[in-house]
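Here is a set of questions and answers about one structure, in which each term is set against its definition. Please keep the structure in view as you read.

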Amino acid sequence: MALCLALPVAPAAARGAPATPPLREVLAAEFAVSSGRPEEAVTWYLQAARAASGDAALASRATQYALMGRDDGALKEALALWSARAPESLGMQGARATLALRTGRARVARRELESMLRDGGARGWLAAYSVLGTGSRDPELSARVLGQLFERDVLPTSPIALAAAGQLALGLGDDALFGRIDAVARELHPGDPAMGLLRVSHLHRAGRSAEARAVLDALAAGGAAGPRIRERIALGYAELGDPAAGAALLAANPGPDTDLGQLALRASLLADADDKQALAALYQGLSAGAEVPNPARRLLLGQVAEFLERPGEALDWYRSVPGGTERDTARLRETKVLHDLGRKDEAWAALGALQQDAAANERLRRDAYLMESELRRADTDDAAELDALARGLAAFPDESALLYSRALMWERRDDIPRAEADLRRILVAEPDSTAALNALGYTLADRTDRYAEALELIERARIAEPANAAIIDSYGWVLHRLGRNEEALVELRRAFVLEKDAEIASHVGTVLWQLGRRDEAREWFEQARAIDPDNRSLRRALEDIGA
């Protein structure tokens, strides 16, 4: 689970705040934020906070952006101003703990975190774990502090809190601490499926897939789990590389016919397993009940028809979706099917109508720009792809999904400064976005020599999502760029266990080549070629080694 520390903004009226904050400094700070320059924003917010002697909100904003940066002196000053002007809060405690971790004062950090854990309830442990996960620049220090808090018996022991603590320990790279937390969870909550599923993920990441499968089989055999837990167990089988087993579990314990979410998951697992026969049987069963105009059912039938590569039937189902939120999704999928059928003029016209539909919700209109950019890219029409994203951002300024898509486009075109600028604009609004953290960190590691900065960004993403294969791959790649090839090899191989991906395989091959293990490297390059012979990373790797 990705934990997020939200700093509450103190009321402007606290302790005699002035009615009018310094306008020039505030405008400059907000401009810096919108331009993706948080360090500059801190400077301006601090100037504004100094000038507005009672304004707690400005001091809070300065602290918020200082937490995103690397200037611990600025963070210390901003936090002091905020503490002097506003009542004590979880956000303030979290900021103090973050500053203490960054400056190596483990005892001070532990004292603040212990207070948050003892007195803050669920919000307290969420905030405390967020500080340990993303606030420190030293995962080993965070893990040591978490271990000390565990030894002092202050970690909450509800099932969800123990699972979060275990997830954090894994993210910080302390498998031994995870084992101790897991032992407590087994004693207090022996049948808790959330911790069991986390145990499965941990064993799989450690290369102990047979043990992971045994734990998962035991969870599946428990029988008492509700439908949502069964779905998570089914996804666990997919994570272990056996989506057919997950689909079989759902088929053996079906929910009511109205549980279309479970039917959709089953269809997705069958598609991943490439079991066309079982998928066709499921499609036939769904079709039998489609006389009643149920929007969700007809949408699902369209999606399954796409899985079965029956675009004409998919188009008919999508057009028959009568209303509701499902109709929005169906309208968007119609455009993709039209494009697949070669009816591109109709697809562009339908997308244009969605983008300009004032009655449509904003998400649908935004997604229409994203869909157009994807289809233009599929057509290798670079100018039209950029135009679609530019029009989207004109309609929805600073929208993160559009910025992310454009950043990836800039990276593909080797325009790294523009890619970085778009990703930083996302992080200003969403500092804990693991997708943006990972994308920016990987880009800096792969396309620049700013390796230390890249490592810090990737570490933040890795702690939030320790089982994410793409993030583990980025982590291994930046270790390689730092010259730590043996460590890199461990991480990259672990990423490949989680996801059989051509880019990951090419990274393993590159590191092996650098280590002089050329025959092994060639085997990995062949694996990558078998998965995706046109993969960009593979092509670049082969060019770099002259193969």
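Q: What covers the buried residues of helix α26?
A: In this predicted model, the cover includes α7 (121-135), α8 (139-151), α9 (159-171), α24 (416-429), α25 (434-447) and α27 (469-481).

Q: What makes α26 a mostly covered helix?
A: A residue counts as buried when its relative accessible area is under 20%, and 10 of the 14 residues of α26 are buried. Among them are A454, L455, L457 and I458, and also the charged residues E459, R460 and R462.

Q: How does the reach of α26 compare with the span expected at 1.5 Å a residue?
A: Helix α26 (residues 451-464) reaches 20 Å from its first C-alpha to its last, which is close to the expected 20 Å.

Q: How do you know that the charged end of R462 sits over the ring of Y475?
A: The charge has to be within 6 Å of the ring centre and within 35 degrees of the ring normal; the charged end of R462 is 3.9 Å from the centre of the Y475 ring and is placed over that ring. In another such arrangement, R418 lies over the face of W410, at 4.8 Å from the ring centre.

Q: Why is the pair of Y45 and Y65 called stacked?
A: Ring centres must lie within 6.5 Å for a pair, and planes under 30 degrees apart count as stacked. The centres of Y45 and Y65 are 5.9 Å apart and their planes are at 5°, so the pair is stacked. Because Y45 lies in helix α2 (residues 38-51) and Y65 in helix α3 (residues 56-66), the pair ties together parts that are 20 residues apart in sequence. Both Y45 and Y65 are buried.

Q: Why is the pair of F496 and W524 called edge-to-face?
A: Planes over 60 degrees apart count as edge-to-face, and the rings of F496 and W524 have their planes at 75° with their centres 5.0 Å apart, so the pair is edge-to-face. This pair links helix α28 (residues 485-498), which holds F496, with helix α30 (residues 518-531), which holds W524. Both F496 and W524 are buried.

Q: Which residues have the most contacts inside the largest nonpolar core?
A: They are L402, L423, V478 and F525, in a core of 52 residues. Helix α29 (residues 502-514) gives the most to this core, with 7 residues. Apart from this core lies another, of 41 residues, including I229 and L263.

Definitions and conventions. Residues numbered from 1 in each chain as written. Predicted model: local features only at pLDDT ≥ 70, side-chain atom pairs only at ≥ 80, totals over all residues. Heavy atoms only, no water. Core = buried A, V, L, I, M, F, W, Y, C linked by side-chain atoms within 4.5 Å. Buried < 20%, exposed > 50% of the residue type's maximum accessible area, 1.4 Å probe, protein only. Helix = DSSP H or I, 4+ residues; strand = E, 2+ residues; numbered from the N terminus. Expected span 1.5 Å × (residues − 1). Contact = heavy atoms within 4.5 Å. Phe/Tyr/Trp six-rings, centres within 6.5 Å; stacked < 30°, edge-to-face > 60°.
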